[in-house]
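Subject: Structure handover

Hi,

Here is the structure for you to pick up. My notes follow below it.

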Amino acid sequence: MDVTIFETAGEAGRALAHRVVHALQRDPALVLGLPAGRTPIDTYAELVRLHSAGQVSFSNATAFLLDEFVGLDASQPGSFRRFLTEHLLWGIDLNPERIHGLNGAAPDPESECERYEETIAASGGIGVMLLGIGANGHIGFNEPGESLRARTHRVHLLDSTRRDNAGLFGGDTARVPSQALSMGMGTILRAESIALMAVGEHKAQVIADMMRGTVTTQLPASFLQLHRHVEVYLDKAAASKL
Ligand code: GLP
């Protein structure tokens with residue numbers, strides 16, 4: 001893994017935005033994988049700024065959101081689709097027809113996951129996958145456990161993950177849905193390149209374990225050690241246990 005450590009979280013976020021811009025300059029038809037969460041907020045703000053300054057266009061690009069809560073559609077507060085819209089999609093020129101997300105409110109979640117896998121494959125696969133990381137080592141919503149799923153699937157969220165996501169629901173963990181739909185580990189690992197960002201001391205241990213520890217289903221992000229092109233963007237706090 002190719003690690004870069006920045007003085008501040010803001011610098012790490014902006015550097016990741018510039019990484020995306022360079023990829024788009026090389027390939028305007030880039031297919032991006034996009035996470036929600038607090039971590040990418042600075043990156044998304046910088047992408048909006050660069051787009052409004054005329055320095056980057058997404059008009060030929062495609063985006064796939066990484067995951068979504070079960071029961072929530074794109075309009076509902078707390079949904080990742082709404083989060084992405086508010087932080088990024090409103091301010092860039094991605095063609096709405098090429099913005100793809102999992103519909104958490106789909107009546108048949110299993111066929112929704114199948115549809116998503118097929119849509120990703122039909123787009124030619126993901127070129128640059130942006131990732132955050134959960135404090136327990138999850139990526140997307142691939143939670144630690146006895147096994148991992150390769151394809152997009154429905155997940156039962158761990159209590160710790162629901163607590164970590166309570167901010168999207170007014171701080172009330174009880175309102176965080178107990179299930180989600182997520183790209184699988186295979187879906188993520190098939191991306192041509194992966195750029196994972198983590199900031200803050202609370203991510204320091206999981207970053208050290210992800211990079212230096214055993215590859216194990218108990219820490220899903222450790223599987224990134226098997227991928228040939230992973231970049232890791234850290235602030236000093238998140239890198240403090242390396
Ligand atoms: C959520 C998302 C992940 C995200 C992670 C970290 O559970 N499913 O995609 O990377 O949490 O979130 P944050 O960036 O807010 O720490």
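This is a predicted model: local features need pLDDT of at least 70, side-chain atom pairs count only at pLDDT 80 or more; totals for chains, interfaces and linings use all residues.

The ligand sits in the largest pocket. A pocket here is an open set of points on a 1 Å grid over the protein atoms alone, where a 1.4 Å probe fits, with protein on both sides within 12 Å along at least five of seven lines.

Residues are numbered from 1 along each chain as its sequence is written, and side-chain values use heavy atoms, with hydrogens and water left out.

Around the ligand there are 14 residues, each with a heavy atom within 4 Å of it. The closest are Arg-38, Thr-39, Asp-67, His-138 and Lys-203. By class, the shell has five nonpolar, six polar (Gly counts here) and three charged (Asp, Glu, Lys, Arg) residues.

Polar contacts (N or O pairs within 3.5 Å):
- Lys-203: a side-chain N or O atom is 2.7 Å from a ligand oxygen.
- Arg-38: a backbone N or O atom lies 2.8 Å from a ligand oxygen.
- Gly-140: a backbone N or O atom lies 3.0 Å from a ligand nitrogen.

On its own the ligand has 390 Å² of accessible area (Shrake-Rupley, 1.4 Å probe), and the protein covers 95% of that.

One more residue: His-100. His-100 is in strand E5, residues 99-100 (strands are DSSP runs of at least two residues, numbered from the N terminus).

Best wishes

Terms used
A polar contact is a pair of N or O atoms within 3.5 Å; within protein, one must be able to donate a hydrogen and the other to accept it, and residues adjacent in sequence count only if both atoms are side-chain atoms. On a 1 Å grid over the protein atoms alone, a cavity is a set of points where a 1.4 Å probe fits but cannot get out, and a pocket is an open set with protein on both sides within 12 Å along at least five of seven lines; lining residues have an atom within 4 Å of a point. A molecule sits in a cavity or pocket if more than half of its atoms lie within 2 Å of its grid points. Helices (H or I, at least four residues) and strands (E, at least two) are DSSP runs, numbered from the N terminus.
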